[in-house]
Amino acid sequence: MTYRKYRTLRRARIIVSLVLMLALTAALAAGRDSLLSRWQIVPALMASALLWIVLWVAVTLLLGRVYCSGICPLGTLQDMFIAVSRRRRRGFFYRTGRPAVRVAIAAVALGALLLGMGRVVEALDPAAAYRRMVECLGRPLVRGTAVAAGGAVMAALVLGAVAVCSLARGRLICNTVCPVGTLLGALSRYSLYHMDIDTDRCIGCGECVRRCKAECIDPSAHTVDVTRCVVCFDCAAACPASALRYRRGRHRLQMPLPVLPAAQAAVKAAVAKPLAKSAALYSARGVSRASDGTESSQAE
């Protein structure tokens, strides 16, 4: 695929995620139960809805974390904040993940689920956090009812935390705090399709790194951390060389990686210094030997 096709996929993903988010928001604000609430992963686990569980496991093993980029309402909300912030910042940077923190939070959520501690599970569930925000802040406006002060304050604090994290670090919540993201990330390690870098095409411009809101593209190793990648296609749609591919397997290097002029200058400078020192030392030794020979001939 060329970057134009990835732009089309990116636009389609954005449209689908916004439509699903708006439909879910309308249902929650009106106080109606909907399929869009039941097919979220944590509610499906708590209700033992095997159909939805099997569906999302199969989708993740096939396509990666598309649930996080297209279905999760909190993920779409983060993307809205990120879209606003992109006009005021230079872009994102690659950062290593925090697997210990992710596993610890996921273990707490899983243990609470097994022990029947529903409130703990809901406190860590992204879909539940979005539901509380809509119910406490949006539903009173739609129905014209009184706002519960305690619930509204907590919902506003959660919304503020999501906004701050999204504006500063993109999908940090998805890749550090969210237990659903951690579980799907573990599955996406074995997904059939994933983002990959064609090192024969890569020109080292770094545009993919700046666009990656998951901060999971390592430019030095030319790799994508698929456990954190949410398959949003932002990187592939921005790559001028069409080096980012959504594909099966890994690309095998066909030719040496292109060396940028800055890298060439750095290598030349690094090599020139020791060579200059060696030349100076050699010439100094030659002058010393010549002077010694002159002194000995004069002495004879």
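The report below takes up the salt bridges and then the pocket.

This is a predicted model, in which local features need pLDDT of at least 70 and side-chain atom pairs count only at pLDDT 80 or more, while totals for chains, interfaces and linings use all residues. Residues are numbered from 1 along each chain as its sequence is written, and side-chain values use heavy atoms, with hydrogens and water left out.

The structure holds 15 salt bridges (a side-chain nitrogen of Lys or Arg within 4 Å of a carboxyl oxygen of Asp or Glu), and the table gives some of them.

| Pair | N to O distance |
|---|---|
| Arg95 and Glu215 | 2.5 Å |
| Asp225 and Arg228 | 2.9 Å |
| Glu207 and Arg211 | 3.1 Å |

In the salt bridge of Arg95 with Glu215, Arg95 lies in the loop between α6 and α7 and Glu215 in the loop between α13 and β2, so the pair ties together parts that are 120 residues apart in sequence (helices are DSSP runs of H or I with at least four residues, strands of E with at least two, numbered from the N terminus). Glu215 is buried at 3% relative accessible area, whereas Arg95 is partly exposed at 30% (buried means under 20%, exposed over 50%, partly exposed in between, with a 1.4 Å probe and protein chains only).

The second largest pocket has a volume of about 260 Å³ (an open set of points on a 1 Å grid where a 1.4 Å probe fits, with protein on both sides within 12 Å along at least five of seven lines, and lining residues having an atom within 4 Å of a point; the volume is the space filled by probe spheres set on the points). Of its 16 lining residues, those closest to the centre include Leu74 and Ile173, and α10 gives the most to the lining, with four residues.
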